[in-house]
Amino acid sequence: MRPGELIAGSHGARPGTTADLDLAWRVLGAVMDPEVPVVSVVDLGIVRDLDWQQGHLHVVVTPTYSGCPATEVIEQDIQ
């Protein structure tokens, strides 16, 4: 895993579908920024990409600036 990326999966590896990616984007749209809780991480543009890798959802996240104190909280909320 490269910096700024996380792989989340609680049900084991499985093939992903387009419907799964659509659902993932909708779920991420409900993850609010901890510092401005009326804006989602998707609205902020910090979720850069989603895809399936080795049966798990791969989420690419780029903080709004390096050293952002909310980065760990955002990663936990996404997971």
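Reader: What makes strand 2 and strand 3 a pair?

Author: Two strands pair if DSSP finds at least two bridges between them. In this predicted model, six bridges join strand 2 to strand 3, so the pair meets the definition. The two strands run antiparallel, and one of the bridges links Leu-50 with Val-59 in strand 3. Strands here are DSSP runs of E with at least two residues, helices are runs of H or I with at least four, and both are numbered from the N terminus.

Reader: What lies between strand 2 and strand 3 in the hairpin?

Author: Two residues do, and Gln-54 in that turn has a positive phi of about 50°.

Reader: Which residues of helix 1 are called buried, and why?

Author: They are Asp-20, Ala-24 and Leu-28. Buried means under 20% relative accessible area, exposed means over 50%, and partly exposed is in between, with a 1.4 Å probe and protein chains only; these residues are called buried because they fall under that 20% limit.

Reader: How do you know that they line one face of helix 1?

Author: Seen down the axis of helix 1, the buried residues fall within an arc of 70°, so they line one face. That arc is taken from the directions from the helix axis to the C-beta atoms. On the other side of helix 1, Thr-18, Ala-19 and Arg-26 are exposed.

Reader: What do the buried residues of helix 1 pack against?

Author: They pack against helix 2, strand 2, strand 3 and helix 3. Contact means heavy atoms within 4.5 Å.

Reader: What makes a set of residues a nonpolar core?

Author: A nonpolar core is a set of buried Ala, Val, Leu, Ile, Met, Phe, Trp, Tyr and Cys residues joined through side-chain atoms within 4.5 Å. The largest one here has 14 residues, and Leu-28, Val-41 and Ile-74 are among those with the most contacts inside it. Strand 3 gives the largest share of this core, three residues.

Reader: How do you know where the prediction is confident?

Author: By pLDDT, the predictor's confidence in each residue, from 0 to 100. The mean for the protein is 82. Helix 2 (residues 41-44) is highest at 93, while strand 1 (residues 5-8) is lowest at a mean of 53. Where pLDDT is low, the predicted coordinates should not be read in detail.

Reader: Which residues and atoms count?

Author: Residues are numbered from 1 along each chain as its sequence is written, and side-chain values use heavy atoms, with hydrogens and water left out. In this predicted model, local features need pLDDT of at least 70 and side-chain atom pairs count only at pLDDT 80 or more, while totals for chains, interfaces and linings use all residues.
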